[in-house]
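I opened the notebook to record what I looked up in this structure. The entries follow in the order I made them.

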Amino acid sequence: MNAVLIAIYFITALISIKVGLLVFYHFKKFDLPDDEKAARFLSIYKWGSVILISASFLTLMAMIIW
Amino acid sequence: MVKLRENEKILQIKRRHIAILAIELTPIALFFIAGVIGAVFVFFVPFSLPDTLTDIFPVLLEMKLQLILLYGILIALTLVWQITFVIFANYYLDCWIVTDERTIHTELKSLFNRLLSTVPHARIQDITVNVSGIMPTVLKYGDLQIQTAGKFHEFIFRQVPDPYKTKEVIFRAQKEYFRKKGRFDGSGETVTEVSG
């Protein structure tokens, strides 16, 4: 059971990292002029992903340890 | 990728109407809110399975059901978060930039396919605006199509707010462009660049 949950976590984390890298790459590539909103948008995206992945990790650890 | 020329000024940046994004994101937002409420509920409210269920499946008693549920919700929320931002990036990077020299269109066709095309004001022959339907009429958005001279690349501003105003801006910019150049010398090239 734990192995399945760990595998699900790693797959989700990998998908998140891949999507994140692609989104950042495209924003950098397009490099739209006069664009302050993009930085704010990327910051929200980054921190949201970090919080959700960390929360999933903590829950996973809680399940394994307890 | 979008490099402005020396002294080139941006007159307007257009994206699809915000209502279009709202329609696309509404089901995802509802799912996300339900997920957050579910996670809070599972975390703070203790619950147990009905006895009939645990009698049939005693293995359920050994499982940390509350944590497994919370974990499932968090994993689902993480995936929904990624989908939301892919949709938002698609909306945000699909834009039309009107400068005093040309109109630039950038589009993220998919995560591995992007497009950049430009049409100089010298090449514009006519602009057609199409606002059809109840929602576009009420919310004042529609399609704006630029007809160009020479090799034609479909240049359509899709579902942009205030298309008539944008049309005016482009025509005014074209007029100013010709005034600066003195005459139409046909030197402008329509450029399309597709990257995978």
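**Salt bridges**

I searched the whole structure, a predicted model, and found five salt bridges over all chains. Side chains of opposite charge can pair when their charged atoms come close.

I started with B:Arg16. Its side chain meets that of B:Glu24 in a salt bridge, at 3.4 Å from N to O. I then found a salt bridge from B:Arg16 to B:Asp94, with the closest N and O atoms 3.8 Å apart. B:Arg16 lies in the loop between strand 1 and helix 1 of chain B, and B:Asp94 in the loop between helix 4 (65–93) and strand 2 (95–99), so the pair ties together parts that are 78 residues apart in sequence. I noted B:Arg16, B:Glu24 and B:Asp94 as a linked network of salt bridges.

Next I checked how covered these residues are. B:Arg16 and B:Asp94 are both buried. For B:Arg16 the relative accessible area is 12%, so it counts as buried. B:Glu24 has 33% relative accessibility and therefore counts as partly exposed.

I looked up another pair, B:Asp100 and B:Lys180. Their side chains meet in a salt bridge at 3.6 Å, N to O. B:Asp100 sits in the loop between strand 2 and strand 3 (102–110) of chain B and B:Lys180 in helix 6 (residues 163–181), so this pair ties together parts that are 80 residues apart in sequence. Buried or exposed, B:Asp100? It is buried, with a relative accessible area of 11%. B:Lys180 counts as exposed, at 56% relative accessibility.

**Chain A against chain B**

I turned to the interface. The size of an interface is often given as the accessible area lost when the parts come together. Chain A and chain B bury about 3300 Å² between them, and 77% of that is on carbon and sulfur atoms. On the chain A side, the elements that give two or more residues are helix 1 (2–30) and helix 2 (37–65) of chain A.

How many residues does each chain put into the contact? I read 37 residues from chain A and 37 residues from chain B. How many salt bridges cross the interface of chain A and chain B? The rule finds zero. I did find seven residue pairs in polar contact between chain A and chain B, both residues at pLDDT 80 or more.

**Chain B as a whole**

I listed the elements of chain B: six helices and eight strands. From the N terminus on, they run β-α-α-α-α-β-β-β-β-α-β-β-α-β. Chain B has 196 residues, and buried residues make up 42% of them. Its accessible surface comes to about 11000 Å², with 62% belonging to carbon and sulfur atoms.

I also checked contacts in chain B with a separation of 6 or more. Residues 24 or more positions apart account for 63% of these.

**B:His17**

I went back to the loop between strand 1 (10–15) and helix 1 of chain B, where B:His17 lies. It counts as buried, at 12% relative accessibility. Its side chain reaches the backbone oxygen of B:Leu139 at 3.3 Å. Leaving out residues up to four places away in sequence, B:His17 touches B:Tyr91, B:Leu139, B:Lys140, B:Tyr141, B:Gln159, B:Val160 and B:Pro161.

**Positive phi**

Most residues other than glycine have a negative phi. I noted two positive values here.

B:Lys140 has a phi near 60°. I placed B:Lys140 in the loop between helix 5 (134–139) and strand 6 of chain B. It counts as exposed, at 56% relative accessibility.

B:Asp162 has a phi near 45°. B:Asp162 is in the loop between strand 7 (155–161) and helix 6 of chain B. It is partly exposed, with a relative accessible area of 32%.

B:Ile146 is in strand 6 (residues 141–148) of chain B. At 0% relative accessibility, I logged B:Ile146 as buried. B:Ile146 and B:Ile156 are 10 residues apart in sequence, and their C-alpha atoms are 6.3 Å apart in space.

B:Val36, B:Val40, B:Phe41, B:Phe43, B:Phe44 and B:Val45 make a nonpolar patch of about 590 Å². Of these, I looked up B:Phe41, which is found in helix 1 (residues 18–44) of chain B.

Technical notes. Residues are numbered from 1 along each chain as its sequence is written. Chains are lettered from A and ligands numbered from 1 in the order in which they are written. This is a predicted model: local features need pLDDT of at least 70, side-chain atom pairs count only at pLDDT 80 or more; totals for chains, interfaces and linings use all residues. Side-chain values use heavy atoms; hydrogens and water are left out. Patches are made of residues with over 30% relative accessible area and no salt bridge: like charges are joined within 9 Å, nonpolar side chains (Val, Leu, Ile, Met, Phe, Trp, Tyr) within 5 Å. Accessible areas come from the Shrake-Rupley method with a 1.4 Å probe; for residues, only the protein chains shown count as cover. A salt bridge is a side-chain nitrogen of Lys or Arg within 4 Å of a carboxyl oxygen of Asp or Glu. Helices (H or I, at least four residues) and strands (E, at least two) are DSSP runs, numbered from the N terminus. Buried means under 20% relative accessible area, exposed over 50%, partly exposed in between (1.4 Å probe, protein chains only). A polar contact is a pair of N or O atoms within 3.5 Å; within protein, one must be able to donate a hydrogen and the other to accept it, and residues adjacent in sequence count only if both atoms are side-chain atoms. Contact means heavy atoms within 4.5 Å. Buried area is the accessible area (1.4 Å probe) that two parts lose on being put together, summed over both.
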